[in-house]
There are 2 protein chains.
Amino acid sequence: MALIVQKYGGSSVADAEGIKSVARRVAATREKGNQVVVVVSAMGETTDQLINLAHQVTEKADDRELDVLLSTGELVSSTLLAMALKSLGYEAISLSGAQAGIWTDAVYSRARIITVEAHRIVKELEEGKIVIVAGFQGITRDMDITTLGRGGSDTTAVAMAASLGADICEIYTDVEGVYTADPRLVPQARKLAEIGYEEMLELASYGAKVLHPRAVELGELFNIPVLVASSFTEAPGTLIQGGIAMEVRNKVRGIAHDLDVAKITILGVPDRPGIATAIFESLAKENINVDTIVQNASVDRITDLTFTVAKSESEKAMRAVEPAVKSIGARGCVLNANLGKVSIIGTGMQNVPGFAARMFRALYEQGINIELITTSEIRITCIIDQARVPDALVALHKAFELEKEGI
Amino acid sequence: MALIVQKYGGSSVADAEGIKSVARRVAATREKGNQVVVVVSAMGETTDQLINLAHQVTEKADDRELDVLLSTGELVSSTLLAMALKSLGYEAISLSGAQAGIWTDAVYSRARIITVEAHRIVKELEEGKIVIVAGFQGITRDMDITTLGRGGSDTTAVAMAASLGADICEIYTDVEGVYTADPRLVPQARKLAEIGYEEMLELASYGAKVLHPRAVELGELFNIPVLVASSFTEAPGTLIQGGIAMEVRNKVRGIAHDLDVAKITILGVPDRPGIATAIFESLAKENINVDTIVQNASVDRITDLTFTVAKSESEKAMRAVEPAVKSIGARGCVLNANLGKVSIIGTGMQNVPGFAARMFRALYEQGINIELITTSEIRITCIIDQARVPDALVALHKAFELEKEGI
């Protein structure tokens with residue numbers, strides 16, 4: 001008997017039929033003799049509808065209130081799934097984030113899980129029940145409801161699996177697994193049977209929407225195998241885990257992309273201590289997520305500082321840095337909001353020469369200009385014109401022979 | 001500075017405009033220097049939509065799950081109202097039933113409030129906030145969500161007022177107050193400026209939908225003045241309180257009616273101890289609310305036993321009593337599900353002869369047959385053909401001169 005945590009996304013529980021279908025899948029897992037904890041997202045477009053409702057009432061929704069409002073979406077789907085399972089003859093119970101013991105900090109709309117106190121879940125499991133947990137939500141020590149922000153339900157599921165010592169965390173979604181590149185843009189893209197945590201983390205962080213990087217990090221931290229698979233088919237999916245076989249290392253495993261990139265360059269920045277602090281503290285104060293940061297060492301003590309943010313936050317970011325730009329005596333700042341990002345990812349790339357050169361040549365041959373380059377140990381990222389991202393993906397997929405069979 | 005609890009029903013917060021309008025009314029109350037606690041129902045038809053959703057998933061929704069599902073409706077409206085108030089520049093915070101400290105028993109779908117631990121509300125009020133409480137819901141000591149059943153939000157409001165020692169509990173709804181009879185059926189009906197708890201209790205219990213009897217009872221118990229008024233106009237409403245002036249006693253104050261009456265008669269019941277127990281325990285076991293019970297003393301130790309239930313529960317009630325009917329050796333049972341109920345209500349009627357006679361004559365003159373009669377100290381009720389209820393109301397309103405000016 002294994003203990004399995006399953007997570008079903010919003011498109012899987014979009015309507016009553018979807019919920020009944022998920023109930024049958026959960027029941028099948030139970031029938032194999034497993035203990036099952038299920039984490040659900042809100043039904044289909046519910047979260048967007050609730051946000052829309054809030055915007056009808058107020059231009060600027062209060063964060064605390066918005067979190068309570070949004071948390072109702074997962075309460076609805078989790079209770080309906082529990083009802084559906086009961087009507088199939090299974091003992092089931094739904095628990096809110098609070099009831100499931102998911103304690104978070106008080107940063108509304110993007111709370112982080114502090115700890116999971118799973119005694120209620122353990123008790124219900126011991127009584128033979130299937131436990132349904134409302135994803136995406138938690139509670140503070142002051143008993144205020146929070147939501148976990150992007151990737152919230154994935155994070156709930158992996159945190160649950162870690163806390164319960166589950167054998168596996170299965171993420172069911174509307175794609176069949178992790179691909180070498182986005183199959184909608186690269187027809188040759190191939191589903192990976194397995195992938196390591198680090199590679200998945202880079203893929204997820206650099207644009208693969210299939211699983212949120214927070215969930216991958218958590219999986220790695222607690223060494224929980226995470227399966228990503230479709231909730232609509234029986235196809236095998238992709239297993240994310242540690243200890244990937246030696247021979248699949250030292251090659252590019254996948255290509256991530258992101259179409260939502262804006263670049264802000266601060267021109268003529270005096271190169272002295274405290275400058276970066278002034279800039280990035282002003283962004284942090286406005287809760288703006290900064291992605292890539294690049295600053296070249298200067299020769300004449302004047303340099304340019306470039307960073308990227310999500311396009312939706314670019315105007316806000318420009319306003320936020322303006323006072324700092326003035327106070328540090330920089331020449332000004334420039335926004336380019338029509339960019340995209342392509343990244344090649346694979347463990348051990350740094351030890352093998354030529355990956356970067358091959359990437360740059362592939363882009364050059366398509367006539368694609370590179371705006372910015374950053375790298376990590378297992379990733380090389382180029383920021384390019386947004387309109388050229390699809391061409392870049394196809395070219396890179398071919399250049400690194402990702403269509404070839406492998407694990 | 002007064003402490004005022006206001007309750008707004010579902011039709012008052014049916015959409016974003018309604019919520020903004022309620023926010024302006026709440027703000028106006030705050031502007032007068034009052035502390036304000038607001039209890040809200042779910043938006044418009046939300047509760048029915050959620051029930052419908054549950055029925056799409058399962059034929060028989062689990063009670064515990066259904067309560068969590070339904071409780072989300074009031075979470076949505078309460079957070080939206082808090083947002084609307086904040087956008088008007090007022091400090092406001094929404095609290096769920098659990099956060100508001102509304103502890104109930106664990107009888108799902110019709111939980112009773114055990115106690116209100118209002119320290120969180122008191123703290124927020126002391127910080128100068130307007131507190132919005134999600135109506136209709138509470139929490140058990142095992143931290144499971146419950147709903148209070150019919151009249152739940154009214155009950156939340158009065159319980160809140162009692163627990164906080166509020167100066168008044170104001171119930172805002174889609175009617176302008178308590179009328180001498182339903183103005184939709186009796187054009188001559190007149191709005192009462194005030195009414196006593198007991199009279200209101202009988203009016204509410206016998207069909208006046210304006211306020212739930214549970215809320216009236218609670219108001220009387222803790223001596224909380226309850227104002228019933230429209231959330232759409234500035235009309236003055238009806239004040240429900242103790243100590244009504246002497247001169248308005250000893251007359252009929254209002255006429256209640258109910259179109260949802262089914263009568264079950266058990267024929268040929270042996271008149272011996274334990275018979276009623278057998279019948280009514282079988283109904284209680286099925287959670288069926290029995291309204292009126294009538295049994296005539298028998299001369300030949302064989303009698304008929306009659307009781308009424310809501311029409312929607314009549315078939316279930318027939319099935320529930322069947323085994324008991326057989327085991328006690330009764331002749332059988334008969335259902336009449338097309339009945340209505342009219343009641344005249346006024347304190348001190350029992351001390352003044354002739355009320356009953358006047359009522360029966362008024363019905364007789366309309367050719368209306370009386371199926372059943374029951375009385376209390378301040379009420380006389382006749383059960384009649386459902387189709388004749390409107391005629392009966394008009395005739396009784398005239399017979400007791402309720403159109404005449406008075407308090």
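Two residues are taken to be in contact if their C-beta atoms, placed from the backbone, lie within 7 Å; helices (H or I, at least four residues) and strands (E, at least two) are DSSP runs numbered from the N terminus. This is a predicted model, in which local features need pLDDT of at least 70 and side-chain atom pairs count only at pLDDT 80 or more, while totals for chains, interfaces and linings use all residues. Residues are numbered from 1 along each chain as its sequence is written, and chains are lettered from A and ligands numbered from 1 in the order in which they are written.

In α9(A), the buried residues (20 or more other C-beta atoms within 10 Å of their own, C-beta atoms being placed from the backbone) are A:S314, A:A317, A:A320, A:V321, A:V325 and A:I328. The buried residues of this helix pack against β13 (254-270), α8 (275-285), β15 (302-309) and β16 (332-345) of chain A. At A:V321 the helix α9(A) bends by about 35°, and a proline, A:P323, follows within four residues; the bend is the angle between axes fitted to the seven residues ending at a position and the seven starting there. After α9(A) comes A:G329, with a positive phi near 80°.

On the scale of the whole chain, an automatic or database domain assignment divides chain A into domain 1 (3-249) and domain 2 (255-399). Contacts join 16 residues of domain 1 of chain A to 18 residues of domain 2 of chain A. Helix α6 (residues 197-205) of chain A gives the most to the domain 1 side, with four residues.

Key:
Buried ≥ 20, exposed ≤ 12 C-beta atoms within 10 Å, placed from the backbone.
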